[in-house]
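Please read it alongside the structure.

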Amino acid sequence: MDLMGRYEVVGDWGTSRLRLFRVEQGRVTARHDGPGIAAARGQSEAVFTATIGPWLDQAAPAQIRLCGMAGARDGWVEAPYADCPADAVAWRMASARFEWRGVPVAIMAGLACTNPNGAPDVMRGEETQIFGAIARDPALGQGRRLVVLPGTHNKWAVVEDGHVTTFRTMPTGELFALLRDHSTLGAQTDQPDPAQEAQGFAEGLARAEGGRLLSSLFAARSMRLRAGRSAQWAAGYLSGLLIGAEIAEVADMLEQDDDILLIGDGRLSMLYAQALGRRGLATQVLEGDACALAGLGLS
């Protein structure tokens, strides 16, 4: 195997999926996706080997850089946390470094803080997107910004002059998946209906404004049984209700901001933009993969 391969590999390994990018002369030339850390079940190295395998058959990469749950305690190799406030320099210095099959590997650090609730809080992967967004647009590193990163565990991060000073985690995505897939409130369907989902989402957002989350959750079931709502409507309703409740809970973080940065999956980010728009808040949406790649050193 050629250990002097002319390509590098960077990757974002989250809870639900692994995304590996082959980089040649500063450009992404190929991509492989694999299982997330949750599905790896303690076999992270084997999952990584299988995902990168087709490239290894040609030549070994010059180096590998990974962010996200690869560095978690139940990931591949545990990486430390950089304490907030932290900028990109402090974050990069805290990464875990080792060799794998003769190839230098860096697993980027996470961030840790005491959140506005007074509880310990951590993130892994989202900080790469935050620092990547600043690398792509240095103006974002000036002044105060509220950055929202929707996903399995949503992050609401305060960035001041390029430093992540604090953040709050809301496990809304995980809760939605549990309710949709493993409870009587959700209803499984293989046939998407965007119009029904959109109607349910809007009704869920409106219901969340009443502040009665638990009783409102059961309507996802009762409205199907007694009001003729569809499974697609119920999925949208649960999403809108949970996102609306999440935003109500972080209302204290919204008071200082009228322009919020959303980073992540485009469809999910637009749902948050819609929900924040109901409160009269403007948002800017950035694509998550592009920010992650920039955070990992690509322009």
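**Helix packing**

H6 passes H11 in a right-handed crossing. The model is predicted.

**H6 against H11**

- Helix H6 spans residues 194–208. Its axis and that of H11 lie 11 Å apart, at a packing angle of about 40°.
- From H6, the contact takes in Glu 197, Phe 201 and Leu 205. Across from them, H11 supplies Arg 267, Leu 271, Gln 274 and Ala 275.
- By class, the H6–H11 contact holds four nonpolar, one polar and two charged residues.

**H4 against H12**

- Helix H4 covers residues 126–136, and helix H12 covers residues 288–295.
- The axes of H4 and H12 come within 7 Å. They cross at roughly 85°.
- H4 is therefore roughly perpendicular to H12, since angles of 65 to 115 degrees count as such.
- On the H4 side, the contact residues are Thr 128, Gln 129, Gly 132, Ala 133, Ala 135 and Arg 136.
- On the H12 side, they are Gly 288, Ala 290, Cys 291, Ala 292, Ala 294 and Gly 295.
- The contact of H4 with H12 divides by class into six nonpolar, five polar and one charged residues.

**H5 against H9**

- The H5 and H9 axes come within 10 Å and cross at roughly 150°.
- H5 and H9 are therefore roughly antiparallel to each other, as angles over 145 degrees count that way.
- The crossing of H5 past H9 is right-handed.
- H5 brings Thr 172, Leu 175, Phe 176, Leu 179 and Arg 180 to this contact. H9 brings Ala 235, Leu 238, Ser 239, Leu 242, Ile 243 and Glu 246.
- Seven nonpolar, two polar and two charged residues make up the contact of H5 with H9.

**The buried face of H5**

- Helix H5 runs over residues 172–182. Thr 172, Phe 176 and Leu 179 are buried in it.
- Seen down the axis of H5, the buried residues fall within an arc of 70°, so they line one face of the helix.
- Two strands are among the elements that cover these buried residues: S11 (154–160) and S12 (163–170).
- The cover also includes helices H7 (213–217), H9 (231–249) and H11 (266–277).
- Thr 172, Phe 176 and Leu 179 are buried, and these residues of H5 also meet H9.

How values were computed:
Residues are numbered from 1 along each chain as its sequence is written. This is a predicted model: local features need pLDDT of at least 70, side-chain atom pairs count only at pLDDT 80 or more; totals for chains, interfaces and linings use all residues. Side-chain values use heavy atoms; hydrogens and water are left out. Buried means under 20% relative accessible area, exposed over 50%, partly exposed in between (1.4 Å probe, protein chains only). Helices (H or I, at least four residues) and strands (E, at least two) are DSSP runs, numbered from the N terminus. The arc is that of the directions from the helix axis to the C-beta atoms. Contact means heavy atoms within 4.5 Å. Axes are lines fitted to C-alpha atoms, for helices over the stretch in contact, and angles run from 0 to 180 degrees between N-to-C directions. A crossing is left-handed if the near helix is turned anticlockwise from the far one by less than a right angle, and right-handed if clockwise. Ala, Val, Leu, Ile, Met, Phe, Trp, Tyr, Cys and Pro count as nonpolar, Asp, Glu, Lys and Arg as charged, and the others, Gly among them, as polar. Angles under 35 degrees count as roughly parallel, over 145 as roughly antiparallel, 65 to 115 as roughly perpendicular and the rest as oblique.
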